[in-house]
Amino acid sequence: MRLARSLATLCTLFALMLPAVTGGARGAETTAEPIAVMQGLDKITARVSRFDAPIGRTVAFGTLSIMVRDCQKSAPEDQPENAAFVEIYENRPGEQRLRLFGGWMFSSSPALSALEHPVYDVNLLECKGVAPSPPAPAPPSAKPPGRSRAKTAR
């Protein structure tokens, strides 16, 4: 099990370093995004949850604490890919926090580097920016002083 995880980590590192070795070939451009969109599955209840994990903030899913350290998204003209460096810990009452996972997750290949847990599955869906805030409503127009133009009974 550890050998497979180590091999997956080495493959991941090789894939990330290949553009640097080849002189930054076209298609290697990524953009850092502030939010990772994650999906969690509770295998006991069969509930799937989708949640946002801001970079550098801990998010809870069941008994897990999820911390996303980096989230990269490929350029729009390239093949779609999202990669996030994620650390996942399990919190058990009365016990010390246990690290379950630490490494890169890829949206296009969730099985390449996945959390192995008997109750939960967690994977990366996408990296996204902060949603633009809706425009502020226009202030109410002021009526000019004077008579109202409403009809009156005669």
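Rings of Phe, Tyr and Trp, the last represented by its six-membered ring, are taken to pair if their centres lie within 6.5 Å. In the predicted model described here, Phe51, Phe61 and Tyr120 form one aromatic cluster. The count of aromatic pairs comes to 3.

A pair of aromatic rings is described by the distance of the centres and the angle of the planes. For Phe51 and Phe61, the centres are 5.6 Å apart and the planes stand at 20 degrees, so the pair is stacked. Phe85 and Trp104 form an edge-to-face pair, with 5.7 Å from centre to centre and 70 degrees between the planes. Since Phe85 lies in strand β6 (residues 82-90) and Trp104 in strand β7 (residues 98-106), this pair ties together parts that are 19 residues apart in sequence. Phe85 has 24% relative accessibility and therefore counts as partly exposed. A further aromatic ring, that of Tyr89, has Arg97 over its face, at 3.8 Å from the ring centre.

The structure holds 1 disulfide. It is formed by Cys71 and Cys127, whose sulfur atoms are 1.8 Å apart. The disulfide is left-handed, because the torsion about the S-S bond of Cys71 and Cys127 is about -85 degrees. Distant parts of the chain are linked by this pair: Cys71 is in strand β5 (residues 64-74) and Cys127 in strand β8 (residues 120-128), 56 residues apart. Cys71 counts as buried, at 0% relative accessibility, and Cys127 also counts as buried, at 0%.

Note on methods:
Residues numbered from 1 in each chain as written. Predicted model: local features only at pLDDT ≥ 70, side-chain atom pairs only at ≥ 80, totals over all residues. Heavy atoms only, no water. Disulfide = S-S within 2.5 Å. Helix = DSSP H or I, 4+ residues; strand = E, 2+ residues; numbered from the N terminus. Buried < 20%, exposed > 50% of the residue type's maximum accessible area, 1.4 Å probe, protein only. Phe/Tyr/Trp six-rings, centres within 6.5 Å; stacked < 30°, edge-to-face > 60°. Lys NZ or Arg CZ within 6 Å of the ring centre and 35° of its normal.
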